[in-house]
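Welcome to this short tour of a protein model. Please have the structure open beside you as you read.

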Amino acid sequence: MGFLSGLNTEAYDRKYSDRVLAKRSAAYFRGQGKRLAIMSGALIMLSLSSAASPVVVSRGIDLLKARNAPLAGYLIIPGIVLLTGVLWWLGNAIGRRVSARAINDVMLRLRTDAFQAAVHHDLSFYDQLSSGRIVSRITTDTQDFGKMVTLITDLISQFVEAFVIAIILVRIEPRLSLYVFALIPIVFAFAVSYRKLARRFVRAGMQAMANVNSTIKETVSGISVAKNFRQENAIYQEFDHANRQSYAVNIRRGLVYATIFPILNTIGGLATAAMVYFGGLSAAQGLVTAGAWYLFILSLDRFLFPVMNLSSFWTQIQNGLSAAERIFALIDAEPKVVQNGDRRVDTLRGKIQFDHVCFRYSDKEQVLDEFSLTIQPGENIAVVGHTGAGKSSVAKLVARFYEFQEGRLLIDDMDIRGFDLDDYRRHLGIVSQMPFLFSGTVLENIRYARPEATLPEVERIARQIGDGDWVETLPEGLQTQVGERGARLSMGQRQLVALMRVLVQRPAIFILDEATASIDPFTEWQIQQALNLILRQSTSILIAHRLSTVKSADRILVMEQGRIIEQGNHDGLLKQGGHYATLYNTYFRHQSLAYVEQAKTVFGD
C-alpha cells in the first residue's frame with residue numbers, strides 16, 4: 001500500500017504479538033486486586049440481570065397464555081422485570097465507577113513510565129526524533145489504551161451474559177440452539193481475518209497524527225523565525241501536507257472499518273429470519289412453546305451481540321493495541337549511554353582524563369579519533385576551533401550525554417561509566433549556547449538545580465555581579481516572569497540567569513558552550529564577572545567565542561578534525577603564528593581593545 005510509505009516510523013519502533021501486549025498490559029493492573037474483585041462482582045450482577053430479563057418475559061408469556069393463570073402472575077412478572085432492571089442499573093453503576101478509577105490509575109502509571117523513559121533517554125535519542133511524536137505517545141496513545149480497556153470490560157460483560165443465555169437456550173430447545181451456535185464460527189472467522197488489516201491501518205493512522213502533532217509543535221516553537229523571514233505560507237504548506245496525509249490515511253481506514261457493519265447487519269438479519277422461520281415451524285408443531293420461541297428471537301441479538309461487537313469494535317481494540325505497542329516501544333527503547341556501575345559520587349575534585357577516546361555520532365561520522373587529554377582539578381580550559389572540529393563533543397562526553405565507542409574517560413581517576421549517572425551530574429554545571437529558561441520567575445530558574453537555595457543566598461550571589469545592577473534592570477527583580485523559553489528577557493539577561501543557576505549550584509565541573517550572539521559591552525562585562533566567579537571554584541571546559549573568555553583560561557586547546565593540534569596560553573600561541581593565530585585574526589581580533597583603538601584612528605570617532 002503505497003500511500004502508507006510516506007509515514008515516518010521511529011528507529012526504536014518494534015512489533016509485539018497480541019499475547020505479549022496482553023501480558024504487559026495486565027502487569028499494570030497489579031495492585032488493583034480489590035477493585036478488580038468488585039468489578040467482577042458487578043459484572044456478574046450486570047450479566048445475570050440482563051440475561052434474566054428475556055427469560056422472565058418468555059416464561060410470563062407461557063404463564064399468562066394459560067387459561068388458569070393466577071391473577072398474581074400479572075403483577076409478579078412485571079415486578080421481577082423491574083427488579084432485574086434495578087439490579088442491572090446497580091451493577092452497571094458500581095462497575096463503571098470502580099473501573100473508571102482502576103483504568104485511570106493504570107493510565108497514570110503507564111503515562112508516568114512513558115514519560116520517565118523519555119526523560120532518561122540520552123541526547124542521541126532526541127537527535128533522531130521529533131519531540132512532537134514523543135508527546136503523542138505519552139498523551140494520545142495512553143488515552144487510546146484506556147478506551148480499549150473500557151471497551152474490553154464491556155465485551156467481557158456481554159460474553160458472560162451470552163454464556164448464561166446459551167445455557168438456558170440449550171436447556172429449553174437444543175435443536176434451535178444449534179441454529180444460533182452455527183453463526184458463531186462465521187462471525188468469529190470474519191473478526192480474525194479482519195484483525196491484521198485493522199492493525200495495519202490503525203498504526204498508520206497514529207503515525208500520521210504524530211506527524212501532524214510534530215509539525216504543529218515545531219511551527220509554534222519557531223513562529224518568530226518564520227515571521228521574520230515571511231515564511232507563514234511555507235509553514236502552512238508543510239502543515240497542510242501532513243494534515244492531508246493524515247486525512248487520506250484515516251479516510252482509507254474509515255472505508256475499511258465501514259465494511260464491517262453492513263456485513264454484520266446482514267448476518268444478523270439472516271439469523272433473525274432463520275430463527276423466525278425454524279422457530280415458527282417448531283412452535284406450530286408443538287415442539288416449543290410460544291414463550292420459548294419468543295425467548296430465542298429475543299435472545300438472538302443478545303447472544304450474537306458480543307461476538308458482533310468484537311468485530312465491529314475491532315477498530316477501537318486495534319487502536320488500543322497499537323497505542324500500547326507504541327508506548328511500550330518508547331519504554332523499551334535501548335539506551336545508547338550505558339553505565340556498568342552505580343558508584344555514589346559524594347564529592348569531586350574535577351580531574352578529567354580522556355584516554356585514547358574514539359567517538360562518532362553515526363558510523364559515517366568519526367568525530368574524535370584516539371583523543372587524549374588530561375585536565376587537572378581546578379584548571380580552566382578554553383577550546384577553540386572551526387565548526388565541526390569536535391569542541392562540543394568533548395564537553396558532551398564529559399556530561400555523559402553521548403556514548404563513546406573506544407578508549408576510556410576518567411573522572412578523578414575513576415571510569416565515568418561506573419558512576420551513578422544522576423549522582424554524577426549533580427556535580428556538573430552546564431550552560432548551553434542558547435540558554436534555556438523554563439516558564440516562571442527569574443528566581444525559580446536560578447534555583448532550578450538547587451530548590452533549597454534561599455532568597456538571601458541568591459541575592460548575595462547576584463550582588464557579586466556588577467553590584468546587582470543587572471537585577472535592577474528586570475521589571476520585578478528576581479520575581480520577573482521570564483516567559484516561554486525566556487522570551488521576555490534579552491539574550492544577555494538569559495545568559496546571566498543561566499550563569500547564576502550554575503553559581504548557586506556550585507559544581508565541581510563547569511561546561512560552557514558560549515553564545516555567539518552580540519551583546520552590549522556592559523552586559524558582557526557582567527557575564528565575565530559571573531564567569532570568573534564560577535571559574536574560581538570549578539574545573540572548567542569553555543567552548544569559547546569571546547576573546548575575554550579565551551584570555552581568562554589557564555590553557556587554550558586548538559582543535560581540528562577531532563584532534564588537538566595546538567595548546568598553550570593566549571600570548572604563547574599568538575607568537576607561534578600557527579592555527580590559533582589564524583583563528584584569532586578570524587574570530588577574536590576584532591574584539592580586542594587594540595583593534596578598536598586602531599579602528600578609531602583609521603576611521604575617526
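In this predicted model, the side chains of Ser538 and Ser540 make a polar contact at 3.3 Å. A polar contact is a pair of N or O atoms within 3.5 Å; within protein, one must be able to donate a hydrogen and the other to accept it, and residues adjacent in sequence count only if both atoms are side-chain atoms. Because the model is predicted, local features need pLDDT of at least 70 and side-chain atom pairs count only at pLDDT 80 or more, while totals for chains, interfaces and linings use all residues. Residues are numbered from 1 along each chain as its sequence is written, and side-chain values use heavy atoms, with hydrogens and water left out.

**Around Ser538**

- Ser538 sits in the loop between helix H19 (521-535) and strand E8 (539-543); helices (H or I, at least four residues) and strands (E, at least two) are DSSP runs, numbered from the N terminus.
- With a relative accessible area of 3%, Ser538 is buried; buried means under 20% relative accessible area, exposed over 50%, and partly exposed in between (1.4 Å probe, protein chains only).
- A polar atom of the Ser538 side chain also lies 3.0 Å from the backbone oxygen of Ile534.
- Not counting residues up to four places away in sequence, Ser538 touches Gly378, Glu379, Asn380, Pro507, Ala508, Ile509 and Phe510, where contact means heavy atoms within 4.5 Å.

**The whole protein**

- The protein has 23 helices and ten strands, and buried residues make up 48% of its 605 residues.
- Of the contacts between residues at least 6 apart in sequence, 80% join residues at least 24 apart.

**Nonpolar cores**

- The largest nonpolar core has 36 residues, of which Ile352, Phe354, Leu397, Tyr424 and Ile509 touch the most other members; such a core is a set of buried Ala, Val, Leu, Ile, Met, Phe, Trp, Tyr and Cys residues joined through side-chain atoms within 4.5 Å.
- Strand E2 (residues 365-375) gives the most to this core, with five residues.
- A second, separate core of 34 residues includes Val431, Ala462, Leu478 and Phe510.

**A nonpolar surface patch**

- Ile38, Trp88, Trp89, Leu90 and Ile94 make a nonpolar surface patch of about 470 Å².
- Patches are made of residues with over 30% relative accessible area and no salt bridge, like charges being joined within 9 Å and nonpolar side chains (Val, Leu, Ile, Met, Phe, Trp, Tyr) within 5 Å; a salt bridge is a side-chain nitrogen of Lys or Arg within 4 Å of a carboxyl oxygen of Asp or Glu.
- Helix H3 (residues 73-120) gives the largest share of the patch, four residues.
- Trp88 is in helix H3 and is partly exposed, with a relative accessible area of 38%.

- Asp420, in the loop between strand E5 (414-415) and helix H14 (421-425), is partly exposed at 24% relative accessibility.
- Asp420 and Val345 are 75 residues apart in sequence, yet 7.3 Å apart in space, C-alpha to C-alpha.
- Most residues other than glycine have a negative phi.
- His356, in strand E1 (residues 352-362), has a positive phi near 50 degrees.
- Asp412, in the loop between strand E4 (406-411) and E5, has a positive phi near 55 degrees and is buried, with a relative accessible area of 10%.

Definitions and conventions
Accessible areas come from the Shrake-Rupley method with a 1.4 Å probe; for residues, only the protein chains shown count as cover.
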